[in-house]
Amino acid sequence: MHLIYSTTDKGSAAGRQLHRRLGPSNQAVCLHGCCPCSSGWRTEDRTLTLQVAEKPRVKMTERFDCHHCNESLFGKKYILREDNPYCVACFETQYANTCEECGKPIGCDCKDLSYKDRHWHEACFHCSQCRSSLVDKPFAAKEDQLLCTDCYSNEYSSKCQECKKTIMPGTRKMEYKGNSWHETCFICHRCQQPIGTKSFIPKDNQNFCVPCYEKQHAMQCVQCKKPITTGGVTYREQPWHKECFVCTACRKQLCGQRFTARDEFAYCLNCFCDLYAKKCAGCTNPISGLGGTKYISFEERQWHNDCFNCKKCSLSLVGRGFLTERDDILCPDCGKDI
């Protein structure tokens, strides 16, 4: 930061300039060993230019005062805020942050440590339990309290299900059904390799990667001979994949559907009726006999209950006497003339 004075005097050579720099006490010191009150200079013509880094130059009158209290800043420490100078007292009153720990302002000569819009003196930035300093150390926050990693771990961190040690904050952990593991402790019980983010199958409080589970525990599908890892159905005490348990004739999946069997082969109802069911002598449609369906059987012929009617008057003959004429059945009234 430099302060540059330039002067113009009608009684001296035009363009004569004096350069000054700002010392530690913010006082202007003449580089040429002369004094700004030299004979023939007109103080009302002198101007002061403040240059900060690469920012645009700001020109002001020779009076260099605090922007808040208007006290002169010559020979005093000051702070720039938005290109306006403030004495230390005004700056701390107007803009200094308040320490979360001690409640006092954080002065210009103190370090201001901040975390999530909260501020502390360097000496006040410590663990709320063991009181050790947290400056330049990792820490954790819990319910507006700052804790060192040791105190946080002892108080809040979960324990690894495998090694029973604390899972330190900031380290990766695996969780499943309320239990936690270090990433390196979450391994397959059979091959002892870390499972990581891969799929796994729990069994008897032990975790297995999918290949190991299939080798050690999975049942084999009767149809495709491959392991059944999820789902599956049981038929005649044998395991099947859902997609493998299909109708013998049409290959339609039978899981969740009504089906029947013949000679130990499973069939959907439609295929079973088409292949094996007797046909109704009345409507010629198959009589499945499944699900409590009732039918009438007479001399190697069968009828649905609803189809067992008089050929002439359509009177239902279920539970009644009837007569036959060739392939027809008749009620007693219609058959009395035959």
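Modeller: A polar contact is a pair of N or O atoms within 3.5 Å, where one must be able to donate a hydrogen and the other to accept it. Please keep in mind that the model is a predicted one.

Colleague: What makes the pair His 119 and Asn 97 a polar contact?

Modeller: The side chains of His 119 and Asn 97 are joined at 3.3 Å. The limit is 3.5 Å, so the pair qualifies. His 119 itself belongs to strand β9, residues 118–121.

Colleague: Which residues does His 119 touch, not counting those up to four places away in sequence?

Modeller: The residues touched by His 119 are Asn 97, Thr 98, Cys 99, Glu 100, Ile 106, Asp 112, Leu 113 and Ser 114.

Colleague: How many disulfides does the rule give?

Modeller: The count is zero disulfides. For Cys 87, the nearest cysteine sulfur is that of Cys 90, at 3.3 Å. A disulfide requires sulfur atoms within 2.5 Å, therefore Cys 87 is in no disulfide.

Colleague: Are Cys 87 and Cys 110 buried or partly exposed?

Modeller: Cys 87 has a relative accessible area of 13%, and buried means under 20%, so Cys 87 is called buried. Cys 110 has 38%; this lies between 20% and 50%, so Cys 110 is called partly exposed.

Colleague: Why is Lys 279 called partly exposed?

Modeller: The relative accessible area of Lys 279 is 43%, which falls between the limits of 20% and 50%, and therefore the label is partly exposed. Lys 279 lies in strand β22, residues 278–279. Leaving aside neighbours within four places in sequence, Lys 279 is in contact with Cys 273, Asp 274, Thr 284, Asn 285, Pro 286, Ile 287 and Gln 302.

Colleague: How far apart are Lys 279 and His 304 in sequence and in space?

Modeller: Lys 279 and His 304 are 25 residues apart in sequence, and their C-alpha atoms are 9.1 Å apart.

Colleague: Which residues of helix α4 are buried, and what covers them?

Modeller: In helix α4, residues 269–276, the buried residues are Cys 271, Phe 272 and Cys 273. Their cover includes β20 (259–262), β21, β22 and β23 (286–287).

Colleague: What is the volume of the largest pocket, and which residues are closest to its centre?

Modeller: The largest pocket has a volume of about 360 Å³. It is lined by 15 residues, and those closest to its centre are Gln 161, Trp 181, Asn 205, Gln 206 and Asn 207. Strands β13 (179–182) and β15 (206–209) each give two or more residues to this lining. By class, the lining of the largest pocket has six nonpolar, seven polar and two charged residues.

Colleague: What is found in the second largest pocket?

Modeller: The second largest pocket holds about 260 Å³ of space. Of its 14 lining residues, Trp 240, Thr 248, Glu 264, Phe 265 and Ala 266 are the closest to the centre. The elements giving two or more residues to the lining are β19 (238–240) and β21 (265–268). The lining of the second largest pocket divides into eight nonpolar, three polar and three charged residues.

Definitions and conventions:
Residues are numbered from 1 along each chain as its sequence is written. This is a predicted model: local features need pLDDT of at least 70, side-chain atom pairs count only at pLDDT 80 or more; totals for chains, interfaces and linings use all residues. Side-chain values use heavy atoms; hydrogens and water are left out. Helices (H or I, at least four residues) and strands (E, at least two) are DSSP runs, numbered from the N terminus. Contact means heavy atoms within 4.5 Å. Buried means under 20% relative accessible area, exposed over 50%, partly exposed in between (1.4 Å probe, protein chains only). On a 1 Å grid over the protein atoms alone, a cavity is a set of points where a 1.4 Å probe fits but cannot get out, and a pocket is an open set with protein on both sides within 12 Å along at least five of seven lines; lining residues have an atom within 4 Å of a point. Grid points are joined across faces, edges and corners, and a volume is the space filled by probe spheres set on the points. Ala, Val, Leu, Ile, Met, Phe, Trp, Tyr, Cys and Pro count as nonpolar, Asp, Glu, Lys and Arg as charged, and the others, Gly among them, as polar.
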